[in-house]
Amino acid sequence: MSKIKKRTYFWVGFIIIVVIYSLYNLYLVDVNYYQSIPRKVRHICKFATILSIYGIGTVALKKYTTAWMMYIWHLLHVIIISILLLIGIYDWTFGEISVQFRNVAATLFEFLISPVIYIAVGILSSKFGKDDNANKPPRRIVKHF
C-alpha cells in the first residue's frame, strides 16, 4: 500500500470543509423556514457544524503542517468557540441577546466554519513550514580514496 502524500490530506480536508460549509448555508440558512426552527435547535446545529469543521481540520492539518501551526489552529478555535459558548449560554439563560451580540456571534460563527482559517494555515505551511528533511539528521558524506 502506497503512502498518501501530505498534500492529499490537505486537499481532502479542504474539500470536506467546503462541502459542509456549503450544505450548512444551503439547508440551514438560505431557506424560508429558518426562523421557524427553534433557537436552541439552531444553536445545537451550529455547534455541531463547528465541531465537525474543527475535527476535520485537525485531522487533515496534523498530517500536513508543523506543530506551531497546529497550535495556531487550536488556539483560534478554542478562543472563538469559548466566546460563542458564553454568548450562547447567556442567550439560553437570560433570553435573547441584543442585535449587536447576535451580529458578533454570527460573524465569528461564519469565520469558524468557512475554509478561511484552513486555507490560511495551508498557505503559512507552504511558505514557512519546515522541509521534510529538517527533522532528519544530516547525512554523512564519506569519501573513499
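Student: Why is Ser 114 called buried?

Tutor: Ser 114 has a relative accessible area of 9%. Buried means under 20% relative accessible area, exposed means over 50%, and partly exposed lies in between, with a 1.4 Å probe and protein chains only. Ser 114 is therefore buried. Please note that this is a predicted model, in which local features need pLDDT of at least 70 and side-chain atom pairs count only at pLDDT 80 or more, while totals for chains, interfaces and linings use all residues. Residues are numbered from 1 along each chain as its sequence is written, and side-chain values use heavy atoms, with hydrogens and water left out.

Student: Where is Ser 114 found?

Tutor: Ser 114 lies in the loop between α4 and α5. Helices (H or I, at least four residues) and strands (E, at least two) are DSSP runs, numbered from the N terminus. The protein chain has five helices and zero strands, in the pattern α-α-α-α-α along the sequence.

Student: What does the side chain of Ser 114 reach?

Tutor: The side chain of Ser 114 reaches the backbone oxygen of Phe 111 at 3.2 Å. A polar contact is a pair of N or O atoms within 3.5 Å; within protein, one must be able to donate a hydrogen and the other to accept it, and residues adjacent in sequence count only if both atoms are side-chain atoms. In space, Ser 114 is 8.6 Å from Ile 53, C-alpha to C-alpha, and the two are 61 residues apart in sequence.

Student: What makes Thr 66 buried?

Tutor: Its relative accessible area is 17%, so Thr 66 is buried. Thr 66 is in the loop between α2 and α3. From Thr 66 to Val 121 there are 55 residues in sequence and 9.9 Å in space, C-alpha to C-alpha.

Student: How do you know that Thr 49 is buried?

Tutor: A relative accessible area of 9% makes Thr 49 buried. Thr 49 belongs to helix α2, and its side chain reaches the backbone oxygen of Cys 45 at 2.8 Å. Not counting residues up to four places away in sequence, Thr 49 touches Ile 20, Tyr 24 and Ile 113, where contact means heavy atoms within 4.5 Å.

Student: Why is α1 called roughly antiparallel to α2?

Tutor: Helix α1 (residues 6–29) and α2 pack at an angle of about 170°, with their axes 7 Å apart. Axes are lines fitted to C-alpha atoms, for helices over the stretch in contact, and angles run from 0 to 180 degrees between N-to-C directions. Angles under 35 degrees count as roughly parallel, over 145 as roughly antiparallel, 65 to 115 as roughly perpendicular and the rest as oblique. The helices α1 and α2 are therefore roughly antiparallel. Their contact includes Phe 10, Ile 17 and Tyr 24 of α1 and Thr 49, Ile 53 and Leu 61 of α2. The contact residues divide into 13 nonpolar, four polar and four charged. Here Ala, Val, Leu, Ile, Met, Phe, Trp, Tyr, Cys and Pro count as nonpolar, Asp, Glu, Lys and Arg as charged, and the others, Gly among them, as polar.

Student: What makes α2 roughly parallel to α5?

Tutor: Helix α2 (residues 39–64) and helix α5 (residues 116–128) pack at about 5°, with axes 11 Å apart. That angle makes α2 roughly parallel to α5. Gly 57, Ala 60, Leu 61 and Tyr 64 in α2 meet residues of α5 including Tyr 118 and Val 121.

Student: Which elements cover the buried residues of α3?

Tutor: The cover includes α2, α4 (99–113) and α5. Among the buried residues of α3 are Trp 73, His 77 and Asp 91. In α1, the buried residues pack against α2, α4 and α5.
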